[in-house]
Amino acid sequence: MSDVYKVIHPNKYFNDYISLNVRPDGRKFDEQRSIKLNANAISNADASALIKCGNTTVVCGITLELATPKAEEPDHGFLVTNVELLPLCSSKFKPGPPSDYAQVISNTVNDIIKNSKCIDLKDLCIVSDKLAWVLYCDMVCLDNDGSIIDACITTLITSLKSLSLPAVSFDVETEEVKVDISNKTLLKVTGLPVATSFAIYQSPESNIVLTDPTTFEEEMCGGIGANLIVCWNQGLLCGVQKYGGGNIPTESQKNLLQVAKKRSKLVEEVIETCLS
Amino acid sequence: MKETQISNSEKTFVQKIIAGGHRLDGRIYSETRNLQIAFGSDYGSCMVSLGETKVLAQVSCEVVQPKQIRPNEGIIFINVDISPMAAPQFEANRQTDHTVNLNRLLEKCYKDSKCIDLESLCIVVEEKVWSLRVDVKILNHEGNLIECASIATLAALAHFKRPDVTRVGDKVIIHSIAEKDPIPTVLYHYPVCLTYAIFGSDILLSDPSYIEEAVCMCTFEEGSAGGGLLVVGMNQYKEPCLLDLTGAAIHNVNIVHKAILSASEKGKSVVDVLKKAIISDDTLRLKRVKINYADIITTEHKQSLIKKDISICLKNYNANDINPESDVEMDDDVQIVEPSKYDVVPTLPKTAELKVKAEKSAWIEISSEEDD
Amino acid sequence: MVAEDFKDFKLKPMKCELNYLSKSDGSAILAQGETVVLASVNGPLDIKITSQSMEKATLEVLFSAKGGKPNVSDRFKESVIRQTCETAILGCLYPRTGITVTIQELEDFGGLLTCAVNCTCLALLNSGLSMKHVVAAVGCALDDSGNLVLEPTYDQIQSAAATMHFVFDSRAKTLVTGFTTGIFSEGAYDEALERCRAASDLVFDFYREVVATYCKVIG
Amino acid sequence: MKVKIGDVVLPGDYCDEITADGVKSKVVLGPGLRKEVDHVYIMKAGVLRKRNPNTFWVDSYQKRYVPSRSENVIGIVVQKAGDLYRVDIGGSCTAALSYLSFEGATKKNRPEVQIGDVIYAKMLVASKDMEPELVCVDSHGKKGRLGVLNDGFVFKCSLNLIRKILNPICPLLESLKNEWPFELAAGMNGRIWIKANTMRETIAVGYAILGAEYLSDDEIKTMCTNIASILAGHVS
Amino acid sequence: MPFDYRRFNGPEDSVSYKRFSEDFLRTYDELYKDLLDENGKRKDGRALNEARSLCTSISRTNIVSQAKGSAYVELNKTKVICSVFDPREITGHQNEYSWFGQIYCEVKFAPFSCPRKRRQLVPDSDEKALSADLKKALETVVRRDKFPNFQMDIFVYILEHDGGCLSAAINAAGLALADAVVPMYDIVSASSVAIINDQIIIDPTEAEEHLALMYTDKEKNHGLVTMCFMHHLKQFTDFRQIGSVDAECVLKVMDILEKECDKLMLVIKKIMVSNVVRQHNEHKVLLEEAKFREEVLQSKVEEWRKLLNAG
């Protein structure tokens with residue numbers, strides 16, 4: 001019965017749950033979903049990680065390439081991050097080039113990683129103005145059930161942390177490049193940004209904040225995607241983005257940051273355990 | 001959103017009034033609207049308005065590998081974008097025939113006419129050349145996009161300066177503008193596109209407005225006299241470099257001749273305005289005056305349409321009669337010494353205007369002109 | 001029009017012209033300091049059936065950079081502005097129609113996105129579309145020594161440790177949209193939010209002043 | 001922000017005077033006002049007005065027409081579909097005008113309307129959820145001034161200007177009609193149809209109307225005399 | 001590579017570092033020697049005629065929560081995920097009414113799926129060929145007459161490529177279709193072989209496939225063959241062969257593949273059954289959990305129903 005109700009009258013269905021102080025999947029408002037994290041599942045990639053936050057599944061794979069650095073920044077390597085929202089993961093995405101939404105997600109993830117400064121691009125340079133590493137980080141969503149940015153950031157960081165770069169020798173005279181696969185060093189990753197998504201539901205009485213929302217909850221809160229993304233990086237904030245949805249009640253502002261902080265600690269632990 | 005259809009009354013009225021020797025906005029046949037050129041803070045950024053038609057052009061450059069067939073030439077790329085900003089009937093991110101046509105005309109006028117010294121854009125043969133990209137954005141479409149867009153493209157190209165480059169061994173160093181003075185682009189000649197709307201078999205309207213364009217393009221549906229738009233590309237040396245006719249076929253060959261003659265005069269005057277604007281902009285920049293698009297915002301009136309946009313106007317009727325404060329621009333008239341009907345007036349610091357000289361009783365004279 | 005000193009806050013001088021484009025239903029050109037943006041609003045209009053919504057008007061936002069190839073961050077800007085406008089426009093009054101907002105960057109000397117949001121809001125006011133409230137965007141930067149600078153200049157942004165931008169609504173001054181760059185502490189965030197909230201009053205006053213000037217002629 | 005009658009208002013402002021009046025008697029909320037749970041909120045930027053005893057509205061600037069019931073509009077026929085004409089009225093979609101809603105029209109006796117014709121009609125149905133519908137007859141089946149407008153010239157202007165020239169206190173039409181004869185139809189959708197004896201006179205009317213948008217009453221009067229003198233001086 | 005303005009792009013001249021490693025430039029003969037060890041076993045310890053087992057514990061259906069039906073298939077390193085969505089109406093007025101339902105297939109490789117180099121994000125010819133093959137394989141299996149003028153989307157994503165992509169994709173799609181309760185004539189299973197120097201290698205890995213296509217000797221048989229088979233009807237729906245193989249060999253290969261497909265079939269059945277059991281159990285648990293909430297909701301539903309009846 002409830003399935004039919006959900007299809008016919010989604011707003012009312014959702015509101016009924018909210019008025020009972022519970023979410024459709026039985027969580028409390030500030031409760032997050034369970035996380036499963038696995039590193040290096042894909043051996044063809046240079047580093048990889050897979051995460052499952054509730055139903056949301058994201059795989060991140062890193063492939064290494066070599067290139068000449070840009071003329072303007074001769075001692076910087078490249079970090080290229082892209083998020084792919086496959087038509088496979090939700091009926092909302094159509095085949096073809098990335099939709100506007102996918103581009104927004106890509107941009108947000110890229111911004112967070114850049115802001116957190118967890119990778120020093122100078123570490124990726126091998127020989128100034130001649131040779132540098134290119135890290136292609138592709139995050140692929142296999143199942144989109146909300147809070148996709150959280151999952152993307154976590155997989156990305158996990159795979160970056162497990163990435164090791166092979167030794168490269170560069171002959172300045174002949175410009176010959178030699179790669180020794182047997183000799184690898186771990187990439188230096190400083191910091192550990194963790195993003196937490198929230199959706200803000202405009203109920204007649206007051207706006208309600210839902211932590212780690214599912215797709216259905218995101219939809220009910222207006223628009224696609226989460227309304228608020230708070231990103232902590234080891235005790236400091238490295239990104240607070242709020243778009244659309246209900247406005248944040250001033251009194252819950254502080255609380256939100258704390259919820260995100262607590263979650264970031266937990267996720268940090270998950271990542272550490274996964275990699276140890 | 002479909003384009004609003006033009007009504008029969010508008011059609012017949014405009015046709016009649018033009019046949020009678022008048023135009024809706026009070027201009028004479030060979031008169032163009034106000035031309036204004038404003039420059040932005042960057043080199044190669046300008047906004048051109050022709051009456052209410054507004055176009056923004058921006059030149060940007062990057063170092064790329066040259067094409068294999070032309071290893072020692074730079075690359076130029078023109079991209080026209082008509083967004084819904086121009087008028088509600090345009091859809092976003094869609095290439096329409098209109099856009100393609102406009103793009104093609106501009107390419108013909110600036111790429112195919114070889115007015116740009118592409119060889120000077122070469123840095124290392126077969127390896128590195130400058131690629132110039134001109135982004136033309138239509139902001140407001142009140143007719144005659146081609147002329148306005150072409151002036152904007154030319155102004156942006158002529159105004160543009162690329163960073164200086166030094167070669168040390170096989171290394172190429174690109175200097176920022178602060179380090180070394182940038183280099184202007186070499187233009188052999190300055191072509192501009194001028195549009196004429198053809199009414200009947202022998203009436204030529206220069207710089208047609210939106211409604212005139214619409215009416216002249218739809219006349220042939222009724223099987224009456226052919227109408228069409230004739231685009232003439234002309235440089236300052238009075239050499240035509242482009243002819244393009246859309247609409248009905250021309251019965252009378254003389255009309256093309258007439259158009260080219262008129263265009264040669266007008267082309268030169270437009271280029272003169274343009275050069276003047278660039279020179280005055282350059283002198284201002286030398287004096288370290290900050291130039292910015294913020295200057296085009298006039299603070300006197302919030303409603304910018306005041307006194308500017310009245311699209312229906314009597315010949316020679318001047319709003320000045322009512323608003324004496326603006327007659328600064330109108331003081332010297334009468335003597336017609338030079339054949340040009342235009343005045344170049346520097347109004348704002350970085351703008352120059354091409355203005356029609358006010359002639360008090362011109363409409364009688366003009367009606368006599370039409371007789372021959 | 002220059003916003004004067006107010007409560008020891010100072011925003012960049014704002015200059016604005018409404019109805020700049022004759023063909024658009026509403027348009028505005030706004031300069032905040034040296035950053036200049038042109039915005040146009042068209043609607044409500046007829047749109048493709050596939051993008052029509054039975055409940056409310058479909059809002060489409062297009063952002064066009066000054067030149068160069070389109071890129072991913074343009075889409076991000078569009079998304080920010082679209083989501084901000086969606087909360088402000090009473091779309092439910094125009095079901096099955098489309099509203100198109102087109103934004104053209106003219107000069108960028110920092111704070112482009114805040115200027116774009118404000119300019120869009122002015123264009124919406126000019127278009128006469130029904131709105132729930134107006135919005136005001138204010139940005140600030142955190143310099144290396146931890147001081148907050150309201151409406152930073154281009155150089156200040158380049159050297160800043162973090163920048164934060166907030167958009168507030170005019171009713172309760174709650175946070176509608178926010179976006180940040182760089183790393184900052186929680187305390188800095190809270191302080192920035194409060195200062196920007198207070199400074200948003202200046203922007204609202206500016207809107208009122210703009211409307212007042214043209215009300216004289218439409219009355 | 002709390003505002004009073006006559007103030008410059010922005011969307012999101014609220015006016016307690018209206019709520020207070022509403023307690024005593026019924027009030028009419030005109031364009032730009034909206035009642036929510038607690039207050040009457042403003043939706044458009046402009047000036048808050050009141051006409052006694054109980055009508056409130058916001059004077060605002062607008063170019064795009066949103067259909068509203070029983071307004072007279074000027075449309076252009078764009079399509080004949082079955083027993084309907086589709087008429088472009090400048091709104092978000094075309095309006096329907098039935099063959100039968102002309103004076104004396106029957107199934108057999110169809111009115112002569114061509115595509116591209118200018119129609120002066122009344123809004124019969126206008127709601128946000130329905131296609132707008134026009135009629136060219138009044139409730140008695142008489143056409144009055146409605147119907148096809150032949151010849152003349154049509155131009156667009158802002159919706160405010162229409163309201164301004166139709167306002168009885170506006171001196172424009174009063175002064176113009178004393179100068180030379182002309183016909184005029186003003187559609188609330190921002191279109192004006194004009195027709196005079198000569199083309200020059202027609203243009204003069206158009207110019208006077210468009211020119212009046214930002215002028216004060218006195219300036220309008222001066223302008224009208226100016227135009228008239230020019231016309232008189234050079235009429236061919 | 002054209003500039004993709006919808007994504008972030010790396011530098012244009014970037015190349016995989018593997019290009020510079022010693023492994024990269026090994027010749028055919030070297031690689032061939034590597035293929036089998038002294039006991040005649042393959043690198044991963046399989047005999048030549050031994051297929052990789054479809055891992056029943058990991059391979060499963062119903063993996064994508066948003067899809068109607070989905071499946072995940074893992075063959076050692078090859079990992080494939082597939083999802084099927086509700087049929088949607090074919091729109092567009094130029095399309096005539098089609099009496100049969102349409103199947104749209106898209107196979108994509110993850111950028112990091114291949115061992116040799118990074119794949120571009122824009123679809124390439126390989127992916128298009130695989131999509132076409134998948135479509136051919138499934139069109140004859142699905143009861144397309146059951147959903148006229150509707151289109152069913154089947155998306156396959158290859159997370160890791162270690163040989164047998166097409167067969168894995170078909171197997172995954174078959175499972176996903178079954179999971180989505182799409183009417184089908186039969187269960188499909190697919191299998192592949194590589195032929196190197198007349199040697200037939202069942203269920204090859206990526207290295208073996210690579211070698212099979214790198215042949216130098218024109219005399220001997222070289223190639224890849226994939227076959228898709230319907231078990232009960234004894235019909236094959238798709239047959240794909242790359243390389244040069246003589247007729248005799250083809251017949252032999254077909255025999256082998258038929259047997260392989262039959263073997264696979266048992267595994268697929270097992271997965272399907274276990275999936276039904278699991279779903280049933282999960283459903284039970286969910287029902288228990290939802291009972292309380294349902295009860296409270298029920299009162300609301302009643303209220304709503306009354307409103308409906310009244311209005």
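How many residues of chain C are in contact with how many residues of chain E?

## Basis of the model

This is a predicted model, in which local features need pLDDT of at least 70 and side-chain atom pairs count only at pLDDT 80 or more, while totals for chains, interfaces and linings use all residues. Residues are numbered from 1 along each chain as its sequence is written, and chains are lettered from A and ligands numbered from 1 in the order in which they are written.

## Chains C and E

Four residues of chain C are in contact with five residues of chain E; contact requires C-beta atoms, placed from the backbone, to lie within 7 Å. On the chain C side these comprise two nonpolar residues, one polar and one charged. Here Ala, Val, Leu, Ile, Met, Phe, Trp, Tyr, Cys and Pro count as nonpolar, Asp, Glu, Lys and Arg as charged, and the others, Gly among them, as polar.

## A sheet in chain D

Chain D holds an open sheet of three strands in the order β13-β15-β14, with antiparallel pairing. Strands are DSSP runs (E, at least two residues), and helices likewise (H or I, at least four residues), numbered from the N terminus; two strands pair if DSSP finds at least two bridges between them. Because β13 (153-156) and β14 (182-187) of chain D each have a single partner strand, they stand at the edges, and one side of each is left without a neighbour in the sheet.

Six bridges join β14(D) to β15 (residues 191-196) of chain D in the antiparallel sense. D:Leu184 stands opposite D:Ile194 in β15(D).

Note on methods: Two residues are in contact if their C-beta atoms, placed from the backbone, lie within 7 Å.
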